[in-house]
Amino acid sequence: MSAPIHRIFGRPLDAEMPKGYDQAIFGMGCYWGVERLFWQQDGVWLTEVGFAGGDTENPSYKQVCAGTTGHAEVVRVVYDSSRVSYERLLQIFWENHDPTQGNRQGNDVGSQYRSLIMYFNDSQKVAAELSKADYGNRLAVDGYPRITTQIIPPGPFWRAEDDHQQYLDRYPNGYCGLRGTGVKAPLTDIAEGH
């Protein structure tokens, strides 16, 4: 069975990542609004929603929502790092959800809605950890509790069902639970050339 075609970018979701491009995985609660947020960014080449951080192979949306698989709802972002830095993606990540809520985002409650970053190399890991520490300090100044975001090593990404892909393009007035804290995250470029 062939992969669906991305509704915005017009390429298959299983398209091979172009040479020199990178990928990132972010969990910020319900993945519909998160995917739209990232497909709107300059330099992003592909987005897809799915599941990561759990221990069940190829789970269904229904299984993940039951809370038994350990997975978080996530978005995989393939991007041209010469046009958008990983640090910029982290800034977008921190500013567009509340990373202090544990297993929830607003009214969405459950471990599948937890805040999560999956890194793919050492520089992403360092950047994620530095930005988490910095943003945690900024949130503390505004009275927020500590950040609960998980930063995890590379692991399986399981693509969600086709009807969840680019959901808010298909249903522009569909549910989007994205809510930031209002606290700004700095753009801390640690990588050379960004």
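Predicted model: local features only at pLDDT ≥ 70, side-chain atom pairs only at ≥ 80, totals over all residues.
Colleague: Which residues are the buried ones in helix 3?

Modeller: Tyr86, Glu87, Leu89, Leu90, Gln91, Ile92, Phe93, Trp94 and Glu95.

Colleague: Let's go to strand 3, then. Why is strand 3 described as largely enclosed?

Modeller: Because 8 of its 8 residues are buried, strand 3 is largely enclosed by the rest of the structure.

Colleague: Which way do the residues of strand 3 point?

Modeller: Ala72, Val74, Arg76 and Val78 point one way, while Glu73, Val75, Val77 and Tyr79 point the other way. All of them are buried, Arg76 and Glu73 included. In a regular strand, side chains alternate between the two faces of the sheet.

Colleague: What about the neighbours: how many bridges join strand 1 to strand 3?

Modeller: There are 5 bridges between strand 1 and strand 3, and the two run antiparallel. As one example, Ala24 has Val77 of strand 3 as its bridge partner. Strand 2, residues 44-52, is joined to strand 3 by 8 bridges, again antiparallel. There, Val49 is partnered with Val75 of strand 3.

Colleague: Switching topic to aromatics. How many aromatic pairs are there?

Modeller: The count comes to 10 aromatic pairs. One of them is Tyr31 with Phe51, a tilted pair at 5.8 Å centre to centre with 40° between the planes. That pair links distant parts of the chain, with Tyr31 in helix 1 and Phe51 in strand 2, 20 residues apart.

Colleague: What does Tyr31 do with Tyr61?

Modeller: Tyr31 and Tyr61 form another tilted pair, 6.2 Å centre to centre and 35° between the planes. This one also links distant parts of the chain: Tyr31 sits in helix 1 and Tyr61 in helix 2 (residues 61-65), 30 residues apart. Tyr61 counts as partly exposed, at 23% relative accessibility.

Colleague: Which residues form the aromatic cluster?

Modeller: Phe26, Phe38, Tyr86, Phe93, Trp94 and Tyr135 form one cluster. Among them, Tyr86, Phe93 and Trp94 are also buried residues of helix 3.

Colleague: Cysteines next. How many disulfides does a search of the whole structure find?

Modeller: It finds 0. The sulfur of Cys30 has its closest cysteine sulfur in Cys176, 7.4 Å away, so that is too far for a bond. Cys176 is in no disulfide either. Cys30 itself is buried, with a relative accessible area of 11%.

Colleague: Last one. What does UniProt place at residues 23-176?

Modeller: The unreviewed UniProt entry places "domain: Peptide methionine sulphoxide reductase MsrA" there. Over residues 23-176 the model is 31% helix and 24% strand, and the end C-alpha atoms are 23 Å apart.

Terms used: Residues numbered from 1 in each chain as written. Heavy atoms only, no water. Buried < 20%, exposed > 50% of the residue type's maximum accessible area, 1.4 Å probe, protein only. Helix = DSSP H or I, 4+ residues; strand = E, 2+ residues; numbered from the N terminus. Pairing = 2+ DSSP bridges. Phe/Tyr/Trp six-rings, centres within 6.5 Å; stacked < 30°, edge-to-face > 60°. UniProt positions renumbered as here; feature names shortened; annotations may be inferred. Disulfide = S-S within 2.5 Å.
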